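Visitor: I am new to this structure. Please show me how to read its features, one at a time.

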Amino acid sequence: MSDLRDLYQEVILDHNRSPRNFGSLEDADGRAAGHNPLCGDRLAIAVKIVDGVVTDLRFDGSGCAISKASASLMTEAIKGKTVDEFHRLFERFHALVTDQSASADDATLGKLAVFAGVRDYPARVKCAILAWHTLRSAFNESHEVVSTE
Ligand code: ZN
């Protein structure tokens with residue numbers, strides 16, 4: 001189990017060191033900023049949506065390793081997905097980091113499963129979930145009319 005923990009740690013450190021989809025995005029359809037005052041994490045996320053599909057998204061800001069790695073892994077997971085799929089994954093991720101009984105083997109989570117360990121550190125849950133709340137706000141800000149069909 002400790003080897004697995006080390007592997008998880010490695011993924012988080014890698015995404016903290018070289019975050020994916022980091023930077024600004026021109027002509028974004030939605031933007032939002034998030035702040036976690038408990039830790040000092042600040043994130044801004046911009047998203048491009050075409051016909052309900054996230055075609056591009058970027059994040060910017062500064063924060064602890066958990067918040068940055070979470071934003072990086074989230075952008076990788078959400079790119080190419082629909083807004084509806086985002087909302088479903090949001091629920092799964094939220095359960096993963098807050099619910100002791102949630103399964104980390106859920107295949108839909110993919111690499112996001114590395115954050116399962118966060119549930120043992122309640123103070124870090126807000127770090128892990130910040131990017132997700134921020135992206136959800138960015139979707140709400142977007143002017144794209146999302147079809148339910
Ligand atoms: Zn943090």
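Visitor: How many salt bridges does the structure hold?

Guide: A salt bridge is a side-chain nitrogen of Lys or Arg within 4 Å of a carboxyl oxygen of Asp or Glu. The structure holds seven. This is a predicted model, where local features need pLDDT of at least 70 and side-chain atom pairs count only at pLDDT 80 or more, while totals for chains, interfaces and linings use all residues. Residues are numbered from 1 along each chain as its sequence is written, and side-chain values use heavy atoms, with hydrogens and water left out.

Visitor: Which residue forms a salt bridge with glutamate 76?

Guide: Lysine 111 does, with the closest N and O atoms 3.5 Å apart. Glutamate 76 sits in helix α2 and lysine 111 in the loop between α3 (83-98) and α4 (122-141), so the pair links distant parts of the chain, 35 residues apart. Helices (H or I, at least four residues) and strands (E, at least two) are DSSP runs, numbered from the N terminus. Glu76 and Lys111 also belong to a network of salt bridges with Asp14 and Arg20.

Visitor: Where do the partners aspartate 106 and arginine 92 lie?

Guide: Their closest N and O atoms are 3.3 Å apart, in a salt bridge. Aspartate 106 lies in the loop between α3 and α4 and arginine 92 in helix α3, so the pair ties together parts 14 residues apart in sequence. Aspartate 106 is partly exposed at 23%. Arginine 92 is partly exposed at 40%.

Visitor: What are the protein donors of the zinc ion?

Guide: Donors are N, O and S atoms within 2.8 Å of the metal (3.2 Å for Na, K and Ca); water is not among the atoms, so sites may look incomplete. Here they are Cys39 (SG), Asp41 (OD), Asp41 (OD), Cys64 (SG) and Cys127 (SG), lying 2.2 to 2.6 Å from the zinc ion. The donor residues are spaced C-x1-D-x22-C-x62-C in sequence. Aspartate 41 lies in strand β2 (residues 41-50) and cysteine 64 in the loop between β3 (53-62) and α2, so this pair ties together parts 23 residues apart in sequence. Both aspartate 41 and cysteine 64 are buried.

Visitor: Which residues of α3 are buried?

Guide: Val83, Phe86, Leu89, Phe90, Phe93, Leu96 and Val97 are. Seen down the axis of α3, they fall within an arc of 130°, so they line one face of the helix. The arc is that of the directions from the helix axis to the C-beta atoms. What covers these buried residues includes β2, α2 and α4.

Visitor: What does isoleucine 78 touch?

Guide: Contact means heavy atoms within 4.5 Å. Not counting residues up to four places away in sequence, isoleucine 78 touches Val54, Leu57, Phe86, Leu89, Trp132 and Leu135. Isoleucine 78 is in helix α2 (residues 65-78). Its relative accessible area is 0%, so isoleucine 78 is buried. Phenylalanine 90 is 12 residues from isoleucine 78 in sequence and 10 Å away in space, C-alpha to C-alpha.

Key:
Buried means under 20% relative accessible area, exposed over 50%, partly exposed in between (1.4 Å probe, protein chains only).
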